Amino acid sequence: MTDILTLEGVEKTYDSGFIALHGVDLTLKEGEILALLGPNGAGKTTLISCICGTVMPTGGKITVGGFDALTNFRKARSLVGLVPQEIHLEPFSRVWDTVRYTRGLFGKKHDDAHLERVLKDLSLWDKRDSRVVELSGGMKRRVLIAKALSHEPRILFLDEPTAGVDVDLRKEMWEVVAKLKASGVSIVLTTHYIEEAEAMADRIGVINGGRLALIEEKDALMSRLGRKSLKIDLETPVDVIPDTLSSYNLKRADDGFALVYEYEAGASRTGITRLLADLRDAGLCMNDLSTRQSSLEEIFVSLVQSEQEERA
Amino acid sequence: MNLTAIRAMYVSEMARFFRTFMQSFLSPVISTSLYFVVFGAAIGSRIDEVEGVSYGSFIVPGLIMLSVMTQGISNASFGIYFPKFTGTIYELLSAPINFLEVVIGFAGAAATKALFIGTVILGTSALFVEMEVQHPLVMVLFLILTCVSFALFGFIIGIWAKNFEQLQLIPLLVITPLVFLGGSFYSINMLPPIWQTITMFNPVVYLISGFRWSFFGVADVPILTSLLAIGLFQGLCLFAVWWIFKTGWRIRK
């Protein structure tokens, strides 16, 4: 896969002196979905804005489809569609007109068949003659996506597409994104919902404090950083963990009716076999066993924490 | 030049005008008619000719200028301020267009609207008073230059304004007084000498005077001075627009 977007040392310092980005390097492969995770104020929106042209970067180089985003901005920007975080739509314009307007703005000739396809894919076709102000929140968001797709971009930026959206709508948005990916569009989305990144992304980048803390294949990230825990339900509760088991760092749970053992999911020797043997030797009777993999959320929290500790 | 994009912006801005066509069309017709009833018939009947022209006819160029300037400013400033207000400016910033194209699309549409309204007022005036235009080409030139200059000026105000109050501030505090005191309804010669001198610092005097010359061949200042003044104003506006384009002032963070 070729890289459709490359960022080299992109920096942004606002007039107030606030440094939003400290030299970010990033590449996006053609056809992939990259999720940028990070807490509020981490620099996600600034990063997207620098690529799309709504914010001027103060340093670094951005290349879109081989075109420099500053010196060759016309070619670079025509490859990019942006769906902003806030619902920015002119309230009194009609859906069809506003989508057609965006296509024109990007210098593309009229193609009503394409716009019809886009609106149908987003279930907006029936609403094409409605005014924006008459639409529900979810539909407005889809109008924003339709506008961004109106000029046939090769990269779509979705800035927190499901912020403040209910569960049903969020699932619906995920389906829309899956469809877009199937149509060959590369996607960068920002979110602070980890389940969203987990559900949609091929790769995940974590931004914190204006730095890209890490960027990795989702599966690799999960197995590298993911910890698993083994929960052992006991027949009779234990008040004190026997000394013979101290090396396992077990934790009591459920008022002593269970013990929890944590281990690296990717490790070649997990120590489970030995633990079970030692439990039996210690005279503990097991009722049930269950394992759980830590979610991205936990990975994320531990990453952010360790970075903050490093800086402190 | 991204001509498709310019057309998209122009058409979209004009669509807003046509959406409120009755308001855009009727309000200048009604207000002009009122001016003629008040100044032309009621008060004007007690005023003799001014500079050899009947008072009713004399005020026509001033009335047209008054509307064209205020309409040019308000249309252009609102046109570019509204996307800033609703947030849809992100589209203009992320599109493969430069600032000059945005100016042509937005200010061009505003100038067109002002020109349309100026023409409507001219037509309405013809119903009330006898009209003569001695130098039609100069009149058209003046009208277009004024529409374009004040649309550019309005565009700059729209970029500058941070809220609706500021949007109204310059037209209200600067433009309206300058236009009313610029000889829309009187000849500068009717003022006491000291005020005649002060009035010469009002740039609008030169526009109204020149425009009136194209109708009746009489003017407060020489016609070339008037052309120079409007040319200078347009040059200043273009320079400001170029500077905004260069620095991204108040648009691109």
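This is a predicted model: local features need pLDDT of at least 70, side-chain atom pairs count only at pLDDT 80 or more; totals for chains, interfaces and linings use all residues.

I looked up A:Lys12 and found it opposite A:Leu21 in E2(A).

I then followed the pairing itself. Strand E1 (residues 3–13) of chain A runs antiparallel to E2(A), with seven bridges between them. Stepping back, I see an open sheet of four strands, ordered E2-E1-E4-E5 in chain A, with antiparallel pairing. Which strands stand at the edges? They are E2 (19–29) and E5 (67–68) of chain A; each has a single partner strand, so one side of each is left without a neighbour in the sheet. I also checked what packs on this sheet: helix H1 (residues 44–52) of chain A touches E1, E2 and strand E4 (59–64) of chain A, and its direction makes about 65° with that of E2(A).

Next, I turned to a helix pair. H3 (residues 95–105) and H5 (residues 137–149) of chain A pack at about 35°, their axes 8 Å apart, and the crossing is right-handed. From H3(A), I listed A:Val95, A:Thr98, A:Val99 and A:Thr102, which meet A:Val143, A:Ala146 and A:Lys147 of H5(A). I sorted the residues of this contact into four nonpolar, two polar and one charged.

Last, I opened chain B. An unreviewed UniProt entry annotates residues 19–248 of chain B as "domain: ABC transmembrane type-2". In the model I find that stretch 78% helix and 0% strand, with its end C-alpha atoms 31 Å apart. The unreviewed entry also places "transmembrane region" features in chain B, including residues 198–215; that segment is 83% helix, with end C-alpha atoms 25 Å apart.

Definitions and conventions: Residues are numbered from 1 along each chain as its sequence is written. Chains are lettered from A and ligands numbered from 1 in the order in which they are written. UniProt positions are given in the numbering used here, feature names are shortened, and annotations may be inferred rather than shown by experiment. Helices (H or I, at least four residues) and strands (E, at least two) are DSSP runs, numbered from the N terminus. Axes are lines fitted to C-alpha atoms, for helices over the stretch in contact, and angles run from 0 to 180 degrees between N-to-C directions. A crossing is left-handed if the near helix is turned anticlockwise from the far one by less than a right angle, and right-handed if clockwise. Two residues are in contact if their C-beta atoms, placed from the backbone, lie within 7 Å. Ala, Val, Leu, Ile, Met, Phe, Trp, Tyr, Cys and Pro count as nonpolar, Asp, Glu, Lys and Arg as charged, and the others, Gly among them, as polar. Two strands pair if DSSP finds at least two bridges between them.
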